[in-house]
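Biologist: I would like to learn how to read pockets, cavities, salt bridges and surface patches in a model. Please take them one at a time.

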Amino acid sequence: MAVTDVAAFAHLTDSDIENLMAELDEVRREVESSRGDRDARYIHRTIAAQRALEVAGRAILFRSAYRATWWSGAAALGVAKIVENMEIGHNVMHGQWDWMNDPEIHSSTWEWDMSSVSKHWRLTHNFMHHKYTNILGVDHDVGFGLLRVTRDQRWTPWNLGNLFLNAVLALGFEWGIGLQPLELENFFAGRTDRKVSLKRIREFLVKAGRQVFKDYVAFPMLTMLSPGASYKSTLTADFFANMIRNLWSNAVIFCGHFPDGAEKFAMTAVCGENRGQWYLRQMLGAANFEAGPLLRLMSGNLCYQIEHHLFPDLPSNRLHLISIRVKGICEKYDLPYTTGSFPAQYAKTWRTIAKLSLPDRYLHDTADDAPETRSEQMFLATAPRVAPVDPATNRRLGLKTAIADVHQRHRARTTVGRLHQ
């Protein structure tokens with residue numbers, strides 16, 4: 001089952017959570033007070049470089065009839081779309097650069113280069129997802145309405161297609177993001193305001209139509225004027241670039257939300273939640289992956305998904321340094337800091353999706369202590385040997401030690417059982 005009592009799961013007292021909140025608030029104040037020209041130069045240079053790369057990619061595709069230039073142009077365009085989507089569009093629309101008061105780089109005016117309508121995404125993502133992160137039944141990003149990613153989602157025969165559905169979602173990720181705010185299932189069932197829904201559907205169709213026309217009609221027709229390109233060669237290159245962007249953004253997002261250790265929560269966990277408890281839930285509900293400068297840029301700095309969920313409106317270029325502070329806070333309160341290599345984190349998401357395509361009776365771990373689903377109930381049966389402070393080191397003990405203790409005792413029982421067989 002999902003976590004129902006975050007404080008109990010985390011092994012923290014009310015005083016601990018207050019102190020944790022004060023430390024994270026101080027991180028926010030320090031970053032907000034130090035924002036300035038260096039940050040502004042970063043985002044302006046990133047936008048300029050992205051646009052230059054897109055222009056270069058489209059220019060190369062004027063000779064897309066040749067294999068080498070087809071691959072070069074499609075790859076350049078695909079990378080440009082990734083940077084625009086991840087490091088620019090996503091972060092601008094979070095309000096990370098609103099402090100600059102630049103009308104071009106403002107969350108209320110930016111429209112990104114994909115089929116999703118920006119204002120629709122801001123509602124479902126900035127409000128629903130970031131406020132109710134991993135709250136079952138409220139945060140629609142838990143499985144995106146297609147996938148079973150936790151045992152708290154009741155198994156149905158539909159879930160046998162988990163792997164196939166995930167592959168389809170990855171390839172068409174921009175369309176999944178665009179359709180998600182429309183809530184078509186509720187619309188056809190009559191559970192939404194029809195007038196509001198129809199307006200959203202019209203806005204989506206207009207935006208999606210504009211994107212399809214630009215990538216698959218206008219630009220291929222333009223390159224036909226060149227003897228080195230054809231309509232088909234440019235159309236397929238544009239399609240390939242969009243697929244690169246979709247697959248990559250899907251992988252990055254999934255690595256931040258579905259690897260082992262990214263916890264899910266029941267609605268009771270958010271009832272009466274204060275800011276410190278919200279901070280704690282964000283830390284427990286997200287996961288990072290290790291990245292150098294290039295991978296940080298290409299992931300929109302969402303390799304620091306924990307820090308992004310703590311401070312979604314702080315500039316992305318600051319998350320690397322913020323992560324050092326957050327790691328220290330996790331160490332101080334003995335909280336897990338969930339991270340790993342990019343391939344390992346992505347492989348874990350696919351493993352979870354594959355495993356949960358099966359009914360629970362075929363799964364080995366319990367519903368309270370599985371890699372993808374844990375709750376405070378995992379500590380009740382084994383009564384972990386966790387004291388508030390380690391007398392040998394004077395270090396406080398909490399969730400990280402408690403989980404390790406439960407798993408150590410489980411392995412010991414398993415070993416004894418095998419010896420008696």
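Biologist: Which helix gives the most to the lining of the largest pocket?

Modeller: A caution first: this is a predicted model. Rolling a probe the size of a water molecule over the atoms shows where empty space is left. Here the largest pocket holds about 970 Å³ of space. It is lined by 30 residues, and the closest to its centre are His140, Phe144, Gly145, Leu146 and Glu185. Two elements give two or more residues to this lining, helix H7 (173-179) and helix H8 (184-188). H7 gives the most, with five residues.

Biologist: How many cavities of 30 Å³ or more does the structure hold?

Modeller: A pocket is open, whereas in a cavity the probe fits but cannot get out. The structure holds one cavity of 30 Å³ or more. The volume of the largest cavity is about 200 Å³. Of its 18 lining residues, Trp112, Trp121, Phe173, Ile177 and Ile253 are the closest to the centre.

Biologist: Which helices supply at least two residues each to the lining of the largest cavity?

Modeller: They are helix H4 (67-92), H5, H7 and helix H10 (231-257). H5 gives the most, with four residues.

Biologist: How do I read a salt bridge, and how many does the structure hold?

Modeller: Look for a side-chain nitrogen of Lys or Arg within 4 Å of a carboxyl oxygen of Asp or Glu. The structure holds 24 salt bridges. One of them joins Glu111 and Lys207, at 2.7 Å from N to O. Glu111 sits in the loop between H4 and H5, and Lys207 in helix H9 (residues 194-223), so this pair links parts of the chain 96 residues apart.

Biologist: Which residue forms a salt bridge with Arg245?

Modeller: Glu174 does, with the closest N and O atoms 2.9 Å apart. This pair links helix H10, which holds Arg245, to helix H7, which holds Glu174, across 71 residues of chain. Both residues, Arg245 and Glu174, are buried. Another bridge, between Glu263 and Arg374, has its closest N and O atoms 2.6 Å apart. Glu263 lies in the loop between H10 and helix H11 (275-285), and Arg374 in strand S2 (residues 373-374), 111 residues apart. Glu263 and Arg374 are both buried. Salt bridges can also form a network, as they do for Glu54, Arg58, Lys81, Asp113, Lys214, Asp215 and Asp238.

Biologist: Which residues make the nonpolar surface patch of about 320 Å²?

Modeller: Leu160, Leu358 and Tyr362 make it. Leu160 is in the loop between helix H5 (118-131) and helix H6 (162-171). Leu160 counts as exposed because its relative accessibility is 55%.

Biologist: What does the UniProt record list for residues 69-339?

Modeller: The unreviewed entry lists "domain: Fatty acid desaturase" there. In the model this span is 57% helix and 0% strand, with its end C-alpha atoms 38 Å apart. The record also gives a "coiled-coil region" for residues 10-37. Over residues 10-37 the chain is 82% helix and 0% strand, and the end C-alpha atoms are 39 Å apart.

Key
Residues are numbered from 1 along each chain as its sequence is written. This is a predicted model: local features need pLDDT of at least 70, side-chain atom pairs count only at pLDDT 80 or more; totals for chains, interfaces and linings use all residues. Side-chain values use heavy atoms; hydrogens and water are left out. Patches are made of residues with over 30% relative accessible area and no salt bridge: like charges are joined within 9 Å, nonpolar side chains (Val, Leu, Ile, Met, Phe, Trp, Tyr) within 5 Å. Accessible areas come from the Shrake-Rupley method with a 1.4 Å probe; for residues, only the protein chains shown count as cover. Buried means under 20% relative accessible area, exposed over 50%, partly exposed in between (1.4 Å probe, protein chains only). UniProt positions are given in the numbering used here, feature names are shortened, and annotations may be inferred rather than shown by experiment. On a 1 Å grid over the protein atoms alone, a cavity is a set of points where a 1.4 Å probe fits but cannot get out, and a pocket is an open set with protein on both sides within 12 Å along at least five of seven lines; lining residues have an atom within 4 Å of a point. Grid points are joined across faces, edges and corners, and a volume is the space filled by probe spheres set on the points.
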